[in-house]
Amino acid sequence: MKTSLGRERYGCPIQAGVLFFFLGCFCLSASNSAAAWPESGASFAFVIEPSMAALSMLFAVLASGLVMAAVLWARRWQRRILRQHHNEVSQLIDTWTKRLQQEVAVREQAERSMQEGQEWHLRQERLAAAGRLTAGLAHQFNNIMTIVEGHASLLMDNPDLDEESAKSLVYITASVERMARLIQQLLAFSRKQLMQPKPLDVAEAVAQTTGVLSQLLGQDVALRLEIGPHLPPILADREMFQQIVANLVTNGRDAMRGGGQLTIRAAEASFTAADVSAKSERQAGRFVRLSVTDTGCGMDSTVIDHLFQPFFTTKEVGKGAGLGLATVHGMIHQHQGWVEVESKPGHGATFDIYFPVTAQAPQRPVEAGLPEARGGQETVLVVEDESVLRELVREILTAYGYRILEAADGVEALKVWEERRQKVDLLLTDVSMPRGLSGRDLAEKLRQVDPRLPVIFSSGYSQEMIERSDDRVQGANYLCKPYLPAQLAQTVRHALDAAPKGGAAARAPASYQKQQP
């Protein structure tokens with residue numbers, strides 16, 4: 001800071017004071033009498049012999065100079081204080097502005113996260129609603145397919161059938177099987193497909209599908225496996241797991257029209273509560289991550305948002321039904337897992353699927369053939385609300401020698417049971433029925449009277465109902481629609497043979513063979 005003449009430090013007040021001092025001296029000398037001056041020719045000098053008036057004037061002038069200097073100094077000091085206050089206010093405004101900008105950014109991020117979370121929940125609700133709709137449709141289609149396939153199978157067993165009729169029946173059966181596979185995809189999407197989870201070795205299950213996957217990819221797409229060592233087992237249905245892999249591989253192949261590379265990775269992943277987000281399905285715990293990566297065309301965010309909706313496809317008309325990824329989504333959720341997708345246009349796509357880890361040891365798959373379709377003379381109570389299907393079941397089982405009691409719903413079945421309870425050897429019932437009494441409720445009521453009564457549930461989409469049952473009927477005790485007459489006979493015979501001895505089933509021989517029509 002400059003200090004010459006006190007200009008920068010004290011400003012004009014010093015200069016004004018000096019000016020007024022000399023002015024006062026001049027006034028003092030002028031007030032002296034003429035006699036006070038020396039003779040002509042003498043040297044210049046002041047002769048100070050002031051009078052009272054002169055002194056008063058001097059003090060007045062000096063006081064005025066001091067007042068003016070004080071005023072000027074006060075103004076200077078005021079400007080300095082104002083400048084300091086201005087700087088402090090500017091700093092406060094800058095601080096408050098930065099804080100406000102930070103708060104606005106945080107709120108905008110929170111709003112975006114909330115909006116993304118709401119959009120994610122809406123997508124999940126839409127998928128759930130579509131799942132309920134497809135499940136109901138699949139259940140009705142399964143009843144129809146069972147009737148068509150059953151009657152076609154009965155006609156094909158006719159030895160007098162001509163060649164043209166037999167050929168037509170083959171086409172009918174093939175179409176029904178194709179429709180049945182489509183219905184199974186709908187059920188998988190709606191998470192109501194029957195599954196039998198068992199401890200599964202991921203590396204071994206993927207290795208089993210390598211040959212099939214290579215055929216699916218063809219010669220233009222290279223398959224690469226990166227399976228981590230010592231992976232923990234997962235609790236999964238082997239067939240459904242392999243179908244998930246096959247569907248993802250098929251989707252990746254279709255995205256690489258000019259060829260490329262498809263990579264399947266498997267590794268262990270762990271998440272804590274801090275990794276869980278409200279806008280995703282991620283869970284805390286240990287998981288096995290199965291990743292399928294392609295080098296195809298990729299996808300934008302709009303396509304990803306609709307990726308798992310049923311019948312949504314970006315392929316050409318006739319190239320796909322849009323159920324492959326919807327099926328994958330449903331199957332993964334049935335396994336208590338989730339899927340994450342990462343993709344950009346022109347940079348391929350990666351599907352990360354997470355399966356919960358289980359402490360149970362994995363088991364080797366056992367090839368079990370179906371037992372021979374044998375008949376018997378036992379009495380079967382058939383409960384089915386679809387009258388045409390009920391008549392078909394009666395016709396099939398009667399051909400195998402069984403005696404049939406029929407009921408259209410659970411309430412009617414209870415009446416039949418009260419009248420003929422000593423003669424009922426097996427209950428074959430649909431799961432979903434009208435009049436407020438489901439097949440599960442009916443089975444529980446009858447089991448209270450006869451705990452050894454064998455039960456077969458027949459339905460197209462009642463996985464949750466079966467999981468809530470006391471004995472959790474699976475395998476041979478569950479008949480999935482649509483089914484062939486031979487499958488119906490095999491399931492009935494197996495359930496009767498496996499029933500505890502001592503009930504009504506013990507009185508009837510099981511050596512009856514099917515009657516030829």
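# Briefing: loops, salt bridges and a buried strand

Histidine 230 sits in the loop between strand E2 (221–227) and strand E3 (234–236). Helices (H or I, at least four residues) and strands (E, at least two) are DSSP runs, numbered from the N terminus. This is a predicted model, in which local features need pLDDT of at least 70 and side-chain atom pairs count only at pLDDT 80 or more, while totals for chains, interfaces and linings use all residues. Residues are numbered from 1 along each chain as its sequence is written, and side-chain values use heavy atoms, with hydrogens and water left out.

- Most residues other than glycine have a negative phi.
- Histidine 230 has a positive phi, near 55°, and is not a glycine.
- The relative accessible area of histidine 230 is 79%, so this residue is exposed. The cut-offs are under 20% for buried and over 50% for exposed, with partly exposed in between (1.4 Å probe, protein chains only).
- Glutamine 336 also is not a glycine, and its phi is positive at about 60°.
- Glutamine 336 lies in the loop between helix H8 (324–334) and strand E6 (338–343).
- Glutamine 336 is exposed, at 53% relative accessibility.

- H8 is mostly covered, with 10 of its 11 residues buried.
- Among the buried residues of H8 are Leu325, Val328, Met331 and Ile332. His329 and His333 are also on the buried list.
- Just after H8 comes glutamine 336 with its positive phi.
- Histidine 335 is in the loop between H8 and E6.
- Is histidine 335 buried or exposed? Histidine 335 is buried, with a relative accessible area of 4%.
- The side chain of histidine 335 makes polar contacts. These are pairs of N or O atoms within 3.5 Å; within protein, one must be able to donate a hydrogen and the other to accept it, and residues adjacent in sequence count only if both atoms are side-chain atoms.
- In another, a polar atom of the histidine 335 side chain lies 3.0 Å from the backbone nitrogen of aspartate 237.

**Salt bridges**

- The count is 16 salt bridges. The rule asks for a side-chain nitrogen of Lys or Arg within 4 Å of a carboxyl oxygen of Asp or Glu.
- Arginine 224 and glutamate 226 form one of them, at 2.9 Å from N to O. Arginine 224 is partly exposed at 42% relative accessible area. Glutamate 226 is partly exposed at 28%.
- Glutamate 406 bridges to arginine 390, with the closest N and O atoms 3.3 Å apart. This pair links distant parts of the chain: glutamate 406 is in strand E9 (residues 403–407) and arginine 390 is in helix H9 (residues 387–399), 16 residues apart.
- Glutamate 406 is partly exposed, at 25% relative accessible area. Arginine 390 counts as buried, at 14%.
- Glutamate 406 also forms a salt bridge with arginine 394, the closest N and O atoms being 2.9 Å apart. That pair again joins distant parts of the chain, with arginine 394 in helix H9 and glutamate 406 in strand E9, 12 residues apart.
- Arginine 394 is partly exposed, at 35% relative accessibility.
- Elsewhere, salt bridges link Arg374, Glu378, Arg493 and Asp497 in a network.

- Five of the five residues of strand E10 (residues 426–430) are buried, so the strand is largely enclosed by the rest of the structure.
- In a regular strand the side chains alternate between the two faces of the sheet.
- In E10, Leu426, Leu428 and Asp430 point one way, and Leu427 and Thr429 point the other way.
- Which strands pair with E10? Strand E8 (residues 379–383) runs parallel to E10, joined by four bridges. Strand E11 (residues 455–459) also pairs with E10 in the parallel sense, over four bridges. Pairing requires that DSSP finds at least two bridges between the strands.
- Threonine 429 in E10 stands opposite valine 383. The bridge partner of threonine 429 in E11 is phenylalanine 457.
- E10, helix H11 (residues 439–449) and E11 make a right-handed β-α-β unit. Right-handed means that, with the strands pointing away from the viewer, the path from the first strand over the helix to the second runs clockwise.
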